[in-house]
Amino acid sequence: MIVEGTHFFPGPREVVWTLLLDPDVLAKTMPGTASIVRVSDDRYEGTMAMGIGPITAAVFDVVITMTDRAEPEHYTMQIEGRGKFGFTRGKAAVTLAPDGAGTSMGYQADLVVGGKIAAVGQRLLDSVSKLMLRQGLDAMTRELEHRLAGGAA
Amino acid sequence: MTFGSYMGRRVLRLEDARLLTGRAPFVDDVDLPGMLHVAFLRSDDAHGLLRSIDASAARHRPGVLAVYTASDLGDYWRPGPLLVPPPPVPGLVFHAATQVPLVRDKVRHCGEPLAMVVAESRYVAEDALEDIVVDVEPLPAVADLEAALLPDAPLVHDQFGTNLAAQVHQRKGDYASAKAAAALVVSRRFHYDRGAAAAIENRGVVASWDARAGELTVWDTTQAPIPIRNGLASMLGLGESHVRVIAPFIGGGFGPKIMMFYPEEVLVPWAAMRLGRPLKWIEDRRENFYATTQERGQIHDAELAMSQDGRILGVRDSFLHDTGAYDPYGLTVPINSQCTLLGPYVVPHYDSEFRAVFTNRPIVTPVRGAGRQHGVFVMERLLDIAARELGIDRVEIRRRNYIQPDAFPYDHEILFQDFRPLVYDSGNYPAALEKAALMIGYEDFVREEQPRLRREGRHVGIGLVSYIEGTGIGPYEGARVTVEPSGMVRVATGVGTQGQGHFTTFAQLVAEQLGVDVASVQVTTGDTRDFNWGTGTFASRGAVVAGSACHAAALKVRAKVLALAAPLLGAQEGDLELRGGRVAVRGSPERGLGLGELARKANPLRGAVTPGTEPGLEATCYFGPDRGNAASGVHAMRVEVDPETAEVKITRYVVVHDCGTVINPMVVEAQVQGGVAHGIGNAFYEQLIFDDNGQLMNASFMDYLLPTALDVPTVELAHIETPSPLNPLGVKGVGEAGAIPTGAAFAQAVEDALAGTGVEITEIPLSPSRLHQLMVRARGGAR
Amino acid sequence: MNAQHPIEVTVNGTRHAREVEPRLLLSDFLRHDLGLTGTHVGCEHGVCGACTILLDGEAVRSCLMFAVQADGHALETVENLATGETLHPIQRAFHEAHALQCGFCTPGILMTLIPFLREHAAPAESEIREALSGHLCRCTGYANIVAAVARAARYGPKAPAADDAR
């Protein structure tokens, strides 16, 4: 499954970078994320839940490993998610470029999805993951605006 | 031989009442005191190394009695037997790799079992599956047949150093010379893809161990109860007479239930013995998509060499066959493809080579058609293309190449799945073709109707294809016929029944010979307690092989009746007749005895008998044909294609069919109708879609589409009968006939409907979206 | 052990009072708790129709319901159709039209047809096929089932005493 696109953040690159790598921000903004903890410099672990078709709450244990970091320009992540409903794994690459007063984010992820969730939810995987991503990025944008307006982290 | 009252009669089925009232027992209906339930943890990965598996939490869950992983099986863990060795084709390469009961080191397909949980209910057992912690290190999956054979491909079975499961080359004549002499050479690549058998009843096993009697009873949705009994006895260290396997009523077989020694089949009885409690495992539908075998991915690169006047000079075919992660069933499916390609045609030169390839997908074993559809598809498509390019009518080109009715037995000189030379016993292909063409109105359609409708902008087409189905192969089956003192006649045979009407058709055969009412004949199938020898229902052989055994046993009982009754009635055997359940002097019915009475007389409690006589009126006979026979037929369909939506509507479907002597036309017609429905499903609606990681994308009926009553027309059927000289009844098999040529007919008809658009169909299945894609591509590109 | 709920269901005219887990499927309740194994399970996701029964006279898929949802309702299963040894006219029609082979999907189809034939005294073939479209059969190819329904409609509520000429 390929997920790729761009998103515009109304704020400077350095702030966007910080938000994207902040586990508490990720937990708050990514839909279905119950918790994410940064266990080491490069490694995040957490739990996520997705609803796909007939499976209303597929819970995954997620491990994200940063493999390639060049602050504040780009990073690559290895993603591994496993749960009783199946698994997902793959790589995602994120690039940040200045865009006027804001930042243009480019993302490209190539994910393998398997197990029950792939077997019975196949038709919906694409649209659900795009929806979740959209919701996450919109929430991230709101968080960014909140920070820039002087709000607390 | 002359047939009396039951051969060829539409006798209503004796088994219906039990099925209609819900009283017929299926495996999941078995309920035993203290019974526990089994669930299997199955791999989500298609390919990977099993690093560790920890079932301790699962074992502690309340309600769970045991959890087994590969290490818990000890010496019992071993790969299953190779069920079908490869045929003795010179130069054959074969790597045998059979399925394991639980994964020990490597996962090789999605759904492979990792652990077995035994609990108080299936619900609790499934809860416990989530407690098991599994660490699988994923490996790149082998998914593409061609990529699998490249030197750097990941290996499904490391020990072979290759993913090549087999290589088989069969030849007759010299294709190169045929090609050199050809006026036209047509060559194409054809794709045929996987489908599931999808019987509405999933698999299941119930096992009960009586420790005091030392007896194991197993209920199993198998098509082969006797081999299962023998295998389990051997594996579990029990005498064969101490194991009873019962295949009660089975909700559809279609092939995968003849795959034997599935992991669940070998584990549930073993665990029942260890735990001392009856165990039940019933497969659910999602499991069925992985854990039950399926069929039929192949890629063919085929070539047809033709003379200017449309005669086949030779065929060359090189194909890849997807055998899945293991190959326990040997090469039955691809050999069938290889042989069935020759069809009803004279093919002087043939060069066919296939390579079977291991992939990280579920195991492939025969599913209705068992590889024959691929051969038919390739040959029929090549002929259609040749017809178009030579400007010869499609029906005519077939007519010109048929083996003629006076040419039998016809030897194709290559080896068939029963390891015997492919020799056709009888047939009349031209007659079937003429009849089918007439019934579907071929001439009028091509000449008048189609051009007229085309001018109105409608896309209508006809497909007409011809095929051979090798049926009735050995090795053998047996039957025992017994007249009881009550007058009831009992028949027992080793095959099982999955809906094909054995309880009625076998009763007809016996009633015919014994002159009794068919309703007084009680047939038992599928219970190893009642019959001890046999191989199972597969390859369209039940009526031929088991039927012939029933017939032979009935004849023997008939002979005993006459021999016993003649002196008792003071008459010559030749003066006696069997009618209405009695044996009596012809013309003086009062000088007679009821068969039940005679049976009692044949079993005296006291006194002396003539030495050498056998008690009762009973006989057991076996039948093993010298080789399989050749059923055949022609399918014709009319379709209309919507150019916008690519939806295909089948407006008429004709089948002219030859299965030799027909025992019960009602049963035969229904088998063909059902087979056609299956074929339509395979051609247009059904496709198992795997991704590059071996993940099945549509493991449910929501996304794997079976045809419904709205999709399947009523078949117009006609019979042709060319009796087989290979068995006394002259019957040939019919179970798979409906499903075999449907893809080829479909492709021809749709292509005909879209003639002029440049669409050429070289793949099956063909969903509306795929057809649409082909139509768009043809519009865009030049041809 | 999960919490048990008391339910009372009337099945084929008999009242049953039981305690069940909330997640127990109605199909499992009928087959294993009540021993009414005539209703079969083919897919457990509501597509094949083999598990169809009547709930207050309407056809429902018992694999898509929980037993607790049937509390207080009247259910009818295939076991209720025949009277002693006498087949219901629909069953009779299926037998005469050879509308079943393995018989696994048959009980579900019969139950769908009970309300259908109640509401359609003389259904056209297209209406029959439409009514059957929610049932999957892998054996018959549907043709004889369609014929059986037409025959059953002609019989009405009572089948003729003697066999029809074949």
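**Reading contacts, helices and strands**

A: Of the two pairs of chains in contact, chains B and C share the most contacts. The model is a predicted one. Chain A and chain C have no contact between them, and their closest C-alpha atoms lie 9 Å apart.

Q: How many residues of helix H2 of chain C are buried?

A: A residue is called buried when its relative accessible area is under 20%. For H2(C), which spans residues 89-96, eight of its eight residues are buried, and the helix is mostly covered. They are C:Pro89, C:Ile90, C:Gln91, C:Arg92, C:Ala93, C:Phe94, C:His95 and C:Glu96.

Q: What covers the buried residues of H2(C)?

A: The cover includes elements from two chains: helix H1 (16-20) of chain B, and helix H3 (106-119) and helix H5 (143-155) of chain C. After H2(C) comes C:His98, which has a positive phi near 50°.

Q: How is the packing of two helices described?

A: Two packed helices are described by the angle between their axes and by the distance between those axes. In chain C, the axes of H3(C) and helix H4 (residues 125-132) come within 10 Å and cross at roughly 130°. H3(C) and H4(C) are therefore oblique to each other. Their crossing is right-handed.

Q: Which residues of H3(C) and H4(C) meet?

A: From H3(C) come C:Ile109, C:Thr112, C:Leu113 and C:Phe116, and from H4(C) come C:Glu127, C:Ile128, C:Ala131 and C:Leu132. Sorted by class, this contact has six nonpolar residues, one polar and one charged.

Q: What is the strand order of the open sheet in chain B?

A: The order of its seven strands is E4-E8-E16-E15-E14-E9-E30, and the pairing is mixed. Strand E4 (93-94) and strand E30 (763-764) of chain B are the edge strands, each pairing on one side only.

Q: In which sense do strands E9 and E14 of chain B pair?

A: Strand E9 (residues 184-192) and strand E14 (residues 298-306) of chain B are antiparallel and pair over nine bridges.

Q: Which strands does helix H9 of chain B lie across?

A: Helix H9 (residues 372-390) lies across E9, E14, strand E15 (312-324) and E30 of chain B. Its direction is at about 140° to E9(B).

Q: How many bridges join strands E3 and E4 of chain A?

A: Strand E3 (residues 43-52) and strand E4 (residues 55-70) of chain A run antiparallel and are joined by nine bridges. Within this pairing, A:Arg43 stands opposite A:Thr65 in E4(A).

Q: What do E4(A) and E5(A) form?

A: E4(A) and E5(A) form a hairpin, with three residues between them. Strand E5 (residues 74-83) of chain A runs antiparallel to E4(A), and nine bridges join the two. Here A:Val62 stands opposite A:Gly81 in E5(A).

Q: Which residues is B:Leu50 in contact with, leaving aside its neighbours within four places in sequence?

A: With those neighbours set aside, B:Leu50 is in contact with B:Val103, B:Arg104, B:Asp105, B:Lys106, B:Leu114, B:Val134, B:Asp135 and B:Val136. By contrast, B:Leu14 is 36 residues from B:Leu50 along the chain, and their C-alpha atoms are separated by 51 Å.

Conventions:
Residues are numbered from 1 along each chain as its sequence is written. Chains are lettered from A and ligands numbered from 1 in the order in which they are written. This is a predicted model: local features need pLDDT of at least 70, side-chain atom pairs count only at pLDDT 80 or more; totals for chains, interfaces and linings use all residues. Side-chain values use heavy atoms; hydrogens and water are left out. Buried means under 20% relative accessible area, exposed over 50%, partly exposed in between (1.4 Å probe, protein chains only). Helices (H or I, at least four residues) and strands (E, at least two) are DSSP runs, numbered from the N terminus. Contact means heavy atoms within 4.5 Å. Two strands pair if DSSP finds at least two bridges between them. Axes are lines fitted to C-alpha atoms, for helices over the stretch in contact, and angles run from 0 to 180 degrees between N-to-C directions. Angles under 35 degrees count as roughly parallel, over 145 as roughly antiparallel, 65 to 115 as roughly perpendicular and the rest as oblique. A crossing is left-handed if the near helix is turned anticlockwise from the far one by less than a right angle, and right-handed if clockwise. Ala, Val, Leu, Ile, Met, Phe, Trp, Tyr, Cys and Pro count as nonpolar, Asp, Glu, Lys and Arg as charged, and the others, Gly among them, as polar.
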